[in-house]
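User: Could you walk me through this structure with a few questions and answers?

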Amino acid sequence: MKALMNQLRESAVNAILNADSPESLDALRVKYLGKKGELTAILKQMGKLSAQERPVMGQLANQIRAELEQAIDQTREKLEAAALEARLELEAVDVTVPGEDIRIGHKHPMYKALDEIKDIFVGMGFTVLDGPEVELASYNFDKLNAEEGHPSRDWSDTFYFDTDSRVMLRSQTSPMQVRAMETMPLPIRIVAPGRVYRKDEVDATHSPMFHQVEGMVIDKNVTMADLKGTLNLVMQELFGEGTVTRFRPHHFPFTEPSCEMDVQCHKCGGKGCPTCKGEGWIEVLGAGMIHPKVLEMSGIDSEEYTGWAFGMGLERLAMRRFKISDLRLIFENDVRFLEQF
Ligand code: PHE
């Protein structure tokens, strides 16, 4: 039995030390030391031994077990070190290889135009405000004097969230007028850029989501002349000196009188061309003197204070500013287009 055990010891140690993978090492552990392993099998026969032989053999068996375990540990460490070495080799980084070019992004031309517009207004003492795109109909309509039944409140024009038409995607930035009137001390000078939503089909000049820049001034003795003067100045700064504008009468529920402002077409100089649809002019904003009812609804004394407001179409202005011919280019975000600005 002793000879048998020594033989086992020799072949087992040999096999273990030569194992070439963690898997085969594990298999060897099971083969020799497992419950049905070879050493265990020998130990099971101990019962047949004499009382003198038994402790001697028992001791030998323990010794062999310890030796095999040690050989297994040693081999495992060796294999792990080799695996690490191989991985380091494989994943070695050559720091001298030139790196891949990182493509630097561009500011979108519309936001470039917006930055310029904000700068111009901030330079004139205006504060820039941000507000919610999910808006209460009371702010988008009621407090702006657009009563129940006003055509713009129609379900076919507006994205509502609820069946009783109380929560909606704002269809204009004008609710920011009310939000400013309700929260800011007088006098007020604000611009509020942001997204607005209407159920429009997409074509060269329409999109269901577009951007406006709202502007508002409320102070004592503010007149329509201030509105025209301010907007004219802004257009000169944005599009260059000599930019020609015109004001046309219009109607909005929250301003009285109301107007729209056009900028002369940069392409044809007013003669009429495809860019201005033959008009010679491009409409860029709606504006007017804030209706006294609107001031009063927000707690401002319309006898003491007057104000004006405007809402610019940002895409239109950006198109005019950077000579972009089709609105869809602004939304497609084709890098080849964006890279030109
Ligand atoms: N909110 C109006 C629109 O979307 C524009 C506007 C703003 C008109 C402020 C007058 C005053 O068409």
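Analyst: Happy to! Two strands count as paired if DSSP finds at least two bridges between them. Keep in mind that this is a predicted model.

User: How many bridges join strand β7 to β8, and which residue stands opposite Trp281 in β8?

Analyst: Strand β7 covers residues 255-264 and runs antiparallel to β8. The bridges that join them number eight. As for Trp281 in β8, the residue opposite is Gln264.

User: Which residue in β9 is the bridge partner of Gly286?

Analyst: Strand β9 spans residues 306-313 and is joined to β8 by five bridges, again in an antiparallel arrangement. Within that pairing, the partner of Gly286 is Gly311.

User: Why is strand β8 described as largely enclosed by the rest of the structure?

Analyst: Buried means under 20% relative accessible area. Strand β8 has ten residues, at 281-290, and it is largely enclosed because the number of them that are buried is nine.

User: Which residues touch the most other members of the largest nonpolar core?

Analyst: In soluble globular proteins, nonpolar side chains tend to be buried together. Here the largest such core has 42 residues, and those touching the most other members are Met235, Leu285, Phe310 and Met312.

User: Are helices α5 and α10 roughly parallel or roughly perpendicular?

Analyst: Helix α5 (residues 109-123) packs against helix α10 (residues 314-322) at an angle of about 95°, with the axes 9 Å apart. Angles of 65 to 115 degrees count as roughly perpendicular. Therefore α5 and α10 are roughly perpendicular.

Definitions and conventions: Residues are numbered from 1 along each chain as its sequence is written. This is a predicted model: local features need pLDDT of at least 70, side-chain atom pairs count only at pLDDT 80 or more; totals for chains, interfaces and linings use all residues. Side-chain values use heavy atoms; hydrogens and water are left out. Axes are lines fitted to C-alpha atoms, for helices over the stretch in contact, and angles run from 0 to 180 degrees between N-to-C directions. Helices (H or I, at least four residues) and strands (E, at least two) are DSSP runs, numbered from the N terminus. Angles under 35 degrees count as roughly parallel, over 145 as roughly antiparallel, 65 to 115 as roughly perpendicular and the rest as oblique. A nonpolar core is a set of buried Ala, Val, Leu, Ile, Met, Phe, Trp, Tyr and Cys residues joined through side-chain atoms within 4.5 Å. Buried means under 20% relative accessible area, exposed over 50%, partly exposed in between (1.4 Å probe, protein chains only).
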